[in-house]
Amino acid sequence: MNFALTPGAEHSPVILHVPHSAREIPDDVRAGIVLDDVALDRELDHITDSHTARIAAEAAAACALRPWVFANGLSRLVVDPERFPDEREEMLAVGMGAVYTRTTHKDVLREGDGDPEPLLAQYFRPYARAMTDAVAGRLAATGRAVIVDVHSYPSRAQPYELHGDGPRPAVCLGTDSFHTPPGVLAAAREAFAEWGDVGLDSPFSGTYVPLEFHGTDPRVGALMVEIRRDTYMTEPGGPAGPGLTRLASALARLVDALPG
């Protein structure tokens, strides 16, 4: 299984989603990546949202009503579960659709003429089904679901970024006009206020919602929390520092404050 759902309180509508924290790549998938081991390790340093699974786990443990946590156990270099699996995905322009063919620095990761379908079938679609089921479970139990995406991003823009010339705040809140209610956004601004530098939709925007609910079910709320890496770790792929605990506490405050 390349993902795990850690149960929270039965009456919690919140799912902390951690899609990009892992570095593991199965051997058969590694065989299709053209980078040598040194270059691959360096790419993983740049592309991985290091320590975000730990941030989510510590936050969940500190919440008054424990949220559910859905975490990817494999690197996004296997598949990126948050991309559209078709031509709707704007990151296809830089070789970073659901199956990446280019690196953060635009070098070749996989041969571009390869067929992505085997990876989509083995990893992407089962993940999407499981996340859809997790959201459906919260809807059945509580009548609503709130997905809080836990990400991080580098302090300096990387070559692959399509919108890297905008502000890079300590915490970037990604929103969706349909799925991010004003109350959720207000709660997030308040929870992270102590950082003093909370931005909106720059350098990354949008939220993740399973396609079954995307743009159609207003009971599903969503917010993306992008944390600038220099606030809690040594870049690009080094150890976490004391900022991690403070961020986990802020994330816990957000979950506890989400409107009922």
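**A walk from His179 to the cores**

Start by selecting His179: its relative accessibility is 1%, so it counts as buried. Keep in mind as you go that this is a predicted model.

To get your bearings, colour by secondary structure. You'll find His179 in the loop that runs between strand 5 and helix 5. Now show what surrounds it. Setting aside neighbours up to four places away in sequence, His179 is in contact with Val209, Phe213, His214, Gly215, Thr216, Asp217, Val220, Gly221 and Ala222.

Zoom in on Gly215 next. Its backbone nitrogen sits 2.8 Å from a polar atom of the His179 side chain.

Time to move on to the nonpolar parts. Nonpolar side chains tend to be buried together in soluble globular proteins. Select Leu16, Val148, Phe192, Val225, Leu251 and Leu254: these have the most contacts inside the largest nonpolar core, which has 37 residues. Elements that each supply at least two residues of this core include strand 2 (14-18), strand 4 (145-153), strand 7 (220-228) and helix 6 (243-257). Helix 6 gives the largest share, 8 residues.

What does Leu251 touch, beyond residues up to four places away in sequence? Show Leu16, Ile55, Ala56, Ala59, Val148, Val150 and Phe192, and you have the list.

Last stop: select Val78, Tyr100, Leu109 and Tyr153. They are among the 28 residues of a second, separate core.

Methods
Residues are numbered from 1 along each chain as its sequence is written. This is a predicted model: local features need pLDDT of at least 70, side-chain atom pairs count only at pLDDT 80 or more; totals for chains, interfaces and linings use all residues. Side-chain values use heavy atoms; hydrogens and water are left out. A nonpolar core is a set of buried Ala, Val, Leu, Ile, Met, Phe, Trp, Tyr and Cys residues joined through side-chain atoms within 4.5 Å. Buried means under 20% relative accessible area, exposed over 50%, partly exposed in between (1.4 Å probe, protein chains only). Helices (H or I, at least four residues) and strands (E, at least two) are DSSP runs, numbered from the N terminus. Contact means heavy atoms within 4.5 Å. A polar contact is a pair of N or O atoms within 3.5 Å; within protein, one must be able to donate a hydrogen and the other to accept it, and residues adjacent in sequence count only if both atoms are side-chain atoms.
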